[in-house]
Amino acid sequence: MTPTITAFETSPDRGRGLARDMRVRWALEEVGQPYDVRLVSFKEMKESAHLLLHPFGQIPTYEEGDLVLFESGAIIFHIAERHAGLLPDDANARARAIAWMFAALNTVEPPIVERSMATLVERDKTWYEERLGVLEDRVRVRLGELSNRLGSADWLDDDAFSAGDLLMVTVLRRLTGSGLLEKYPTLCAYIARAEARPAYKRAFDAQLAVFTGKSPTG
Ligand SMILES: N[C@@H](CCC(=O)N[C@@H](CS)C(=O)NCC(=O)O)C(=O)O
């Protein structure tokens, strides 16, 4: 059965891979699962029909027959459990890849999101610059730790791409334009490696096509 996901009808980055439907699109592309997309407006996201799918009125959601899921991490985990390609077969390697999924969402994403929220809603405050400095230091701590851990490896664990990398890269990409990533060449190379994956490119092009009106295939 072809799943249906939801995505922004209009998005602040105009389809350049930052909205979280990108994660789901990419995972589906990695495992070769076709999908349908339903675009929702900001108004529709807060209305009862969408709230039945997503209690917090957000995207992405995932519908597949009777199953309705929200939370990008849960959706990626579901896809990875049902299809080969995103989680290793070996039980310990699988557990480690899942740990990286949690690390991306629970340890690395929060300081990154806190920083972006500050840039969006706190710019006019007298204390903005000081607070931004504190938030950026917190992001730098995580980037440094992640960079040290990755070292010369291609991917986070066992040198095999996994759902942990997929989530980590989408989380790191939220720093695009912040100037913070450039100090970590190891992480820049890691992101570039992920962006070069054909599945990433297909997902990116499909999200961008929502805003350019051009077919993802050209
Ligand atoms: N933890 C959620 C976060 C979902 C989320 O923040 N979605 C954003 C788009 S990337 C959204 O819908 N924002 C609009 C809103 O919160 O009103 C997930 O990973 O799915």
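Me: How do the residues lining the largest pocket divide into nonpolar, polar and charged?

Reply: This is a predicted model: local features need pLDDT of at least 70, side-chain atom pairs count only at pLDDT 80 or more, and totals for chains, interfaces and linings use all residues. Residues are numbered from 1 along each chain as its sequence is written, and side-chain values use heavy atoms, without hydrogens and water. The lining of the largest pocket has 13 nonpolar, 11 polar and 8 charged residues. Nonpolar means Ala, Val, Leu, Ile, Met, Phe, Trp, Tyr, Cys or Pro; charged means Asp, Glu, Lys or Arg; the others, Gly among them, are polar.

Me: What makes a residue part of the lining of a pocket?

Reply: An atom within 4 Å of a pocket point. The points sit on a 1 Å grid over the protein atoms alone; a 1.4 Å probe fits, and an open set is a pocket if protein lies on both sides within 12 Å along at least five of seven lines. For the largest pocket, 32 residues qualify. L18, R20, V113, M117 and R174 lie nearest its centre.

Me: Which element gives the most to that lining of the largest pocket?

Reply: α5, with 8 residues. Helices are DSSP runs (H or I, at least four residues), numbered from the N terminus.

Me: What makes the lining of the second largest pocket nonpolar, polar or charged?

Reply: It has 7 nonpolar, 2 polar and no charged residues. Among the lining residues are F77, I98, M101 and N106. α5 gives the largest share, 5 residues.

Conventions: Helix = DSSP H or I, 4+ residues; strand = E, 2+ residues; numbered from the N terminus.
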